[in-house]
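Work through the exercises below with the sequence and the structure at hand. Each task is followed by a solution in steps.

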Number of protein chains: 2
Amino acid sequence: MAKVFIEPVGVTLEIGEEQDLLTALLAAGIAIPSDCAGRGTCAKCLVRLGSGELTEVTEVEARRLPSHLREDGWRLACQARPASGRISIEVRQTGGRRRILTTSKLQHGHAKPAVLRRLVELPPATLEDKRADQERLLAACARGDGRQAALGATRELPDILRHHHWRAVVTSYDARIVDAEPPEAQAVPYGVAVDIGTSKVIAYLFDLDAGRLVDQEAVENPQMRYGEDVISRIARAVDAFGAGELSSAVRDGVNQVLGVLCDRNGVEPRHIYDMTVVGNTAMHHLALGLSPVGLGAAPFAPAVAAPLTLRAAELGLAMNPEGGVHFPPPIAGFVGSDALAVVAATHLASKRRPCLALDIGTNTEIAVAHDGRVTATSCASGPAFEGYQIAHGMKAVAGAIERVRIDAAGMPSEVATIGNQPALGLCGSGVVDLLAGLVTSGVVDRTGRMQEHELVRKGENGLEYVLTEGAIGPIVFIQHDVRALQLAKGAIASGWVLLLENLGLEPSDLHRVYVAGAFGNYLDVGAALRLDLLPPVPRDRVAFVGNAAGVGAQMALIDVRARRRMAKLRARIEFLDLATDARFNEVFTRRLQFAARD
Amino acid sequence: MAKVFIEPVGVTLEIGEEQDLLTALLAAGIAIPSDCAGRGTCAKCLVRLGSGELTEVTEVEARRLPSHLREDGWRLACQARPASGRISIEVRQTGGRRRILTTSKLQHGHAKPAVLRRLVELPPATLEDKRADQERLLAACARGDGRQAALGATRELPDILRHHHWRAVVTSYDARIVDAEPPEAQAVPYGVAVDIGTSKVIAYLFDLDAGRLVDQEAVENPQMRYGEDVISRIARAVDAFGAGELSSAVRDGVNQVLGVLCDRNGVEPRHIYDMTVVGNTAMHHLALGLSPVGLGAAPFAPAVAAPLTLRAAELGLAMNPEGGVHFPPPIAGFVGSDALAVVAATHLASKRRPCLALDIGTNTEIAVAHDGRVTATSCASGPAFEGYQIAHGMKAVAGAIERVRIDAAGMPSEVATIGNQPALGLCGSGVVDLLAGLVTSGVVDRTGRMQEHELVRKGENGLEYVLTEGAIGPIVFIQHDVRALQLAKGAIASGWVLLLENLGLEPSDLHRVYVAGAFGNYLDVGAALRLDLLPPVPRDRVAFVGNAAGVGAQMALIDVRARRRMAKLRARIEFLDLATDARFNEVFTRRLQFAARD
């Protein structure tokens with residue numbers, strides 16, 4: 001097991017000697033191009049050795065890598081494996097390469113799942129030994145994996161034992177026996193880490209014996225039909241006096257994604273024994289069926305803020321009903337367990353130098369760690385940066401404009417769509433690019449007003465910038481879109497400004513800025529910096545860490561100790577409430593302005 | 001609180017000074033006639049003071065009781081209350097008076113239910129105090145009734161607190177908060193003690209705050225459609241590989257009786273927070289959904305023999321889903337928790353002199369206590385003594401012959417039916433009377449053969465004794481009926497013979513013989529003694545204690561300490577396995593014979 005430090009991402013992975021770097025990097029959610037599934041034919045998965053040793057250059061590399069690259073230390077990640085205990089490598093960054101989901105098997109080598117599964121053989125019942133079957137089983141599991149037994153696991157036990165020579169495959173969860181099956185049952189125990197986002201439910205299926213990611217899938221959060229943002233969903237729940245419908249919707253979403261993962265991988269729901277769930281506090285509450293009414297008005301007190309482990313049956317999830325479902329604790333009313341998971345996954349609290357992590361979404365969570373202190377906040381950034389509530393906004397699917405360059409004269413020099421399809425609208429990264437370009441070129445002034453320009457015209461909804469001829473009509477960006485984005489960026493910038501101020505830090509003190517979340521992954525660093533979404537730091541200090549919330553959920557899934565660590569971490573995190581911070585209004589008003597940098 | 005010893009029942013009740021004896025006796029399941037609901041007009045509830053003092057004779061008694069009775073110490077139970085600490089009274093026995101169900105609130109004064117319910121007022125959430133609602137609630141319940149909170153109790157808590165000035169009615173079960181309701185919720189917390197018999201499900205509804213019996217009800221065990229006896233139901237479950245259908249059937253039965261109790265008393269199922277369940281081991285397993293396959297063949301090992309407390313939701317019961325359901329432990333494969341409940345309710349283990357308790361049914365459990373030792377056994381007595389599998393047998397409903405006298409010439413001198421309706425068949429007590437009479441008069445000889453007699457004729461099914469002209473044809477008692485009853489009485493007698501032998505006791509050593517169960521209640525003591533159903537003791541040592549299994553379930557319901565005591569008692573009880581006892585065959589063969597006594 002080698003410790004491999006990955007530049008410029010800034011994380012350390014533990015990679016086995018038998019494992020190639022590509023597999024390890026992809027599993028860890030680090031974006032690296034690869035088109036040939038690791039066969040060595042595309043030669044795109046370039047990594048450069050910094051320090052330490054890798055296995056020798058293979059024949060495939062000798063054939064596919066130009067000699068000048070080899071001399072410069074470049075290797076193909078699919079061919080190279082660790083050959084010393086400590087290694088640092090540099091990954092060729094991939095700009096706008098799309099990865100919806102990212103994952104990790106951090107600490108794979110030290111996984112300690114809650115679930116244990118093994119074959120046991122019991123002494124048969126005789127006239128001299130009439131102990132109850134359950135008592136017999138518990139005595140045989142005294143090694144520590146069975147201190148008690150769930151009723152559900154005992155129901156068929158008498159039949160199994162008597163039909164299979166007193167042998168059974170027994171699965172335990174946290175020393176509680178939760179399943180007993182005939183000895184021919186060969187299935188490994190599975191677990192699922194779930195990240196419930198406002199718009200998406202992302203799930204990662206793990207083989208818990210091996211601590212190995214098997215598959216991952218995302219579905220739209222079925223709550224979307226009740227409102228695109230958290231606030232409107234809470235309002236709905238409050239009107240209805242309870243979580244009811246919204247709660248069912250999110251459970252349906254989780255069951256839907258479980259169904260896909262089970263079907264695609266031939267896994268029986270019965271063999272999913274463990275689940276960890278992270279999400280913002282509203283999603284956390286709704287997933288648990290807790291009324292979110294307290295989150296709808298000051299002082300935004302949550303219903304529950306403790307870590308919870310429930311039986312799956314209590315939540316109606318399509319997995320083993322006796323299995324466990326663990327919810328790491330939310331930090332505050334608007335800083336959820338997903339933010340805790342980000343802090344845990346980036347190891348923010350244990351960095352020697354000041355670091356910041358942020359997860360941009362409808363709600364943006366920001367955390368800063370320095371000198372043993374961790375402070376977190378959140379700001380309502382709205383869905384504009386994800387392409388929602390923008391006149392020609394759309395989801396990041398084929399036909400969405402994801403990359404835009406605006407030249408100094410304010411004219412589009414590049415308009416790239418996903419899949420190179422005729423343009424249908426703008427997705428999040430396209431919106432950011434476009435706005436940054438318009439601000440830099442002066443088409444939008446510092447106050448956010450559109451100026452006269454040959455592409456600016458008066459449309460039905462006021463002034464609009466005509467970006468391109470779309471597939472079914474011109475794609476425009478309207479004055480109102482600028483205002484929506486201005487509010488969002490003002491909120492986000494106020495968040496990191498006040499957090500840094502609180503810890504007595506300047507942006508330049510930040511050693512690293514971790515950008516988490518699907519959105520961050522496609523973001524152009526320059527555009528994001530120019531729009532104040534990120535604190536002004538040198539570009540190479542910005543690391544896109546993918547779905548770090550999902551990684552945190554995975555850490556908790558494959559290692560019960562991580563659950564305890566996260567609960568402790570939660571207790572350490574200070575919450576900065578922007579809503580009641582006296583400085584907020586002044587900072588926010590200032591940060592609404594665009595500052596032409598770069 | 002006075003200790004009142006009741007003769008000839010042989011139990012001691014604790015009766016409050018404010019309580020009249022009739023209420024206390026009826027609540028304790030002691031049969032006493034009363035037709036006027038305690039108004040003093042029927043003058044039937046006669047009791048005679050033995051020692052100690054009662055309140056003074058009331059005007060009602062002076063008016064209604066003839067002076068010779070008053071002079072003889074007789075009182076009306078509905079008028080008299082305890083007036084000294086220790087009292088003994090004699091209850092006028094009622095012969096064949098019918099009481100299907102009996103109950104008790106033994107130790108009412110010392111009830112310590114698992115359930116506590118009270119109004120709490122919490123400090124409101126403020127900007128300075130943003131603790132989670134649940135944390136706030138737990139802090140307020142630190143008095144001991146809330147060390148943790150069920151998710152189900154927290155779901156609506158945020159709405160309740162914010163709509164009702166941070167006040168809520170909170171119910172806890174064993175220091176776990178299981179319900180939170182608006183402050184106007186006035187309902188008391190309810191609990192139900194359930195006795196699941198092979199043929200009947202009997203339930204007792206209690207107000208847990210007052211420790212008071214509110215109502216009781218019995219329904220037929222819906223499993224009856226799968227076979228009348230336990231063995232055939234186990235066989236069915238074994239064939240089906242699991243408890244499935246049978247388990248649903250018994251759950252349906254419990255829910256049905258819960259429904260009746262709730263409707264009739266205006267109780268919401270949500271306000272039933274606790275349940276205790278006793279039954280034979282097969283019913284215990286099936287109620288829990290446990291496969292009874294181990295009970296179907298030697299060595300008859302149960303699936304579970306530990307005390308269990310489950311959430312109601314796990315069992316699908318129509319009560320508060322977060323409420324608890326407690327199952328006292330079974331003693332062995334064929335000696336259930338109902339037998340444990342009988343031993344607990346009769347305080348058998350703490351008697352100074354040898355005592356025996358038996359509960360006659362399809363399966364008959366017998367326990368003997370002497371000198372700190374308690375030994376129990378069970379025998380498969382079949383349903384014949386309950387009127388099943390008897391040619392003209394029937395349930396104890398209107399038209400059933402319940403009382404028969406046969407004169408020395410073998411002729412019926414009395415044939416009484418329930419409700420004085422035209423005769424339709426024979427119920428259990430009628431069968432016992434009839435057989436005892438036929439044996440005594442010599443119509444049936446010691447080997448069980450019917451002799452020539454003017455009422456014995458050859459029928460379709462062999463010899464038959466024509467008892468009476470029934471409503472729809474003659475009621476006969478056939479040779480095969482005698483054989484079925486012979487097997488049953490042989491099994492029961494072998495049980496008590498071997499138990500006594502094991503403890504080195506003679507029947508004459510027995511200070512008291514407690515006869516539990518609905519069947520016992522209608523039994524003629526003389527007939528039962530003549531047929532060997534009871535060990536040969538003087539009649540006045542036989543006490544009919546009604547549904548003592550139900551009383552044990554009630555004790556556990558209203559007092560959590562009784563649950564622990566029963567678990568300890570279970571550990572003390574030795575099980576005598578007749579199936580493997582070398583003496584059984586010889587004793588059984590001998591006891592098949594009828595011995596004309598009396």
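This is a predicted model: local features need pLDDT of at least 70, side-chain atom pairs count only at pLDDT 80 or more; totals for chains, interfaces and linings use all residues.

**Exercise 1.** Describe the contact between chain B and chain A.

Solution. Start with the residues: chain B gives 39 and chain A gives 39. Next, take the area buried between chain B and chain A, which is about 3,500 Å², with 65% of it from carbon and sulfur atoms. Then turn to charges: four salt bridges are counted between chain B and chain A. One of them joins Lys130(A) to Asp577(B), with the closest N and O atoms 2.5 Å apart.

**Exercise 2.** Which helix of chain B gives the most to the side that touches chain A?

Solution. List the elements that give two or more residues: helix 4, helix 5, helix 6, strand 14 and helix 10 of chain B. Among these, helix 6 (157–163) gives the most, with five residues. By class, this side of chain B has 20 nonpolar, nine polar and ten charged residues.

**Exercise 3.** Classify the pair Phe300(A) and Phe334(A).

Solution. The ring centres are 5.6 Å apart. The planes stand at 75 degrees, which is over 60, so the pair is edge-to-face. Phe334(A), at 18% relative accessibility, is buried because the cut-off is under 20%, whereas Phe300(A), at 25%, is partly exposed.

**Exercise 4.** Classify the pair Phe584(A) and Phe588(A).

Terms used: Residues are numbered from 1 along each chain as its sequence is written. Chains are lettered from A and ligands numbered from 1 in the order in which they are written. Side-chain values use heavy atoms; hydrogens and water are left out. Contact means heavy atoms within 4.5 Å. Buried area is the accessible area (1.4 Å probe) that two parts lose on being put together, summed over both. A salt bridge is a side-chain nitrogen of Lys or Arg within 4 Å of a carboxyl oxygen of Asp or Glu. Helices (H or I, at least four residues) and strands (E, at least two) are DSSP runs, numbered from the N terminus. Ala, Val, Leu, Ile, Met, Phe, Trp, Tyr, Cys and Pro count as nonpolar, Asp, Glu, Lys and Arg as charged, and the others, Gly among them, as polar. Rings of Phe, Tyr and Trp (its six-membered ring) pair if their centres lie within 6.5 Å; planes under 30 degrees apart count as stacked, over 60 as edge-to-face and the rest as tilted. Buried means under 20% relative accessible area, exposed over 50%, partly exposed in between (1.4 Å probe, protein chains only).
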